[in-house]
Amino acid sequence: MKSAGPDNISPYVLKKCNDTLAKPLALIISKSIASGEVPSAWKHANVAPLFRKGDRHDPHNYRPVSLTCICAKICEKVVHDMLLADLTASGFEDPFQHGFSRGRSCATNLLHARNDWTKCIDAKGSMDVIFLDFSRAFDSVNHRHLVSKLVHLGVAAELVNWIAAFLSGRKQRVVVDGHSSSWSNVTSGVPQGSRLSPLLFSVFVSDIHQGTHCKMLKYADDIKLYLPVKSEEDRRLLQSDLNKIILWCEKWDLSLNTQKCHVLHIGKNNKLFAYYLNNDALETVDEERDLGVFITRTLNVSNQCNSVASKANQIAGFLGRHLPKLDPAEFRCLYTTIIRPGVEFASTAWAPWLQQDIKRLESVQRRATKRLTKLYRLDYKSRLKILQLPKLSDRRKRGMLIDMFKIVHGFWNVPSDSYFSLKKSVTRGHKYAITKPKFRTKCRQTFFSCAIVNDWNALPNSIFDNCNNVNLFKNRLDRLLFSS
């Protein structure tokens with residue numbers, strides 16, 4: 001349920017009165033889009049500061065989320081779909097953007113990057129990765145520049161006019177514990193938390209890669225720039241692309257946060273070249289948290305496993321202290337919605353291979369099933385059978401097979417040939433069998449596109465018969481893996 005905006009109209013009211021309110025609201029939205037005028041009440045927002053990390057007394061450690069009127073959000077959804085249709089019709093696509101894009105996500109971003117990095121390590125190479133972070137990115141978007149980019153992309157005039165009206169004349173106030181600040185004018189930026197803002201920001205930064213030669217991956221305002229480096233010439237090429245991004249930022253009135261921009265040198269024989277941002281040397285780190293996943297110089301995943309396990313155990317401990325022992329149905333509901341998703345987030349990109357890491361993750365489920373349920377006297381295997389839960393290691397294999405299905409059948413908008421190649425002639429097995437890739441190092445051998453090959457090729461033909469959607473494949477796979 002979404003929070004109410006400054007008008008204090010709950011979405012519950014709109015839902016219960018939809019028969020009465022749907023038609024007049026539709027007329028208002030249609031009139032607003034056609035005329036390019038936005039009701040002033042729709043341009044007011046309560047800002048809710050959401051804590052991220054660090055010192056709670058530092059305002060910079062909070063993300064300002066704008067809570068607007070629910071009616072405004074409905075209108076934004078309509079405009080969003082119209083704008084997306086316009087951009088698609090004009091052939092607009094940012095191949096490097098994984099945020100807010102159909103068929104792409106955090107998982108595809110992380111998977112793509114790690115695929116490139118493990119290939120480089122396997123070839124005895126070195127990789128320099130520059131992590132870039134904008135300073136107050138969403139709040140700094142210049143409205144005039146954004147409108148000019150929409151016009152340049154051929155977006156319909158009525159949509160451009162509506163978006164220009166939506167962005168201008170905005171007001172906001174901070175609301176904390178029922179106390180609010182005075183209203184202040186908003187002269188730049190796209191409101192965080194709105195339905196339309198992510199797409200607008202993606203359009204705004206869609207051309208940042210123009211003129212660059214290195215690999216680039218984007219997720220909203222997070223950017224990775226990387227290149228295999230063997231010589232000073234490679235370093236100069238990477239530095240040159242970084243300089244082009246700096247010039248782009250100056251042109252479009254965005255700035256990079258030097259303190260949050262880092263360099264990660266991947267590979268044992270990396271020469272540790274230095275890179276500069278506006279004459280300031282970028283800090284070299286041994287570990288970087290990228291989209292919630294810890295990346296190290298050796299691509300070891302132990303720190304990531306320890307991090308997610310620790311956080312999951314903290315949640316389980318909190319629930320154990322405040323809840324009575326749960327019956328199987330209650331536990332399954334709580335565990336599968338609150339605890340397990342954090343352990344499995346994007347795990348295809350960082351699946352562990354060391355036994356100590358595998359056991360560390362499995363201990364999360366082992367402890368939760370013992371501490372939170374009435375089954376604490378039973379052994380782990382018996383608890384799982386009663387709770388109808390598979391081991392986490394089996395869940396990760398299941399996740400990899402599902403992700404492979406998404407890539408092979410085009411549900412993920414990623415280049416499949418960068419991960420694997422289908423067998424040209426199949427005499428045994430199913431028609432989607434893939435060729436076993438060659439590898440030299442452990443980090444490449446245990447990476448998704450190599451580690452899952454045998455399990456994928458061993459799937460029976462029947463699982464693919466008339467299987468044209470992900471849910472059907474999941475159901476068949478679950479029956480195959482866990483029916484016993």
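**Notes on the salt bridges**

1. Let's start with K77: its relative accessibility is 33%, so it counts as partly exposed. Keep in mind that this is a predicted model. K77 pairs with D81 through a side-chain salt bridge, at 2.7 Å from N to O. D81 is partly exposed too, with a relative accessible area of 36%.

2. Why can K77 and D81 pair up along helix α3? They sit four residues apart in that helix (residues 70–89), so about one helical turn separates them.

3. Now for a salt bridge between D94 and K218, where the closest N and O atoms are 2.6 Å apart.

4. Are D94 and K218 buried or exposed? D94 has a relative accessible area of 6%, so it is buried. K218 comes out at 0% relative accessibility and counts as buried as well. The cut-off for buried is under 20%.

5. Over in helix α8 (residues 232–251), R235 and E232 are three residues apart, which means about one helical turn between them. Salt bridges with shared partners join E232, R235 and R236 into one network. For the R235 and E232 bridge, the closest N and O atoms are 2.8 Å apart.

6. For the overall tally, the structure has eleven salt bridges, including the D94 and K218 pair.

Key:
Residues are numbered from 1 along each chain as its sequence is written. This is a predicted model: local features need pLDDT of at least 70, side-chain atom pairs count only at pLDDT 80 or more; totals for chains, interfaces and linings use all residues. Side-chain values use heavy atoms; hydrogens and water are left out. A salt bridge is a side-chain nitrogen of Lys or Arg within 4 Å of a carboxyl oxygen of Asp or Glu. Helices (H or I, at least four residues) and strands (E, at least two) are DSSP runs, numbered from the N terminus. Buried means under 20% relative accessible area, exposed over 50%, partly exposed in between (1.4 Å probe, protein chains only).
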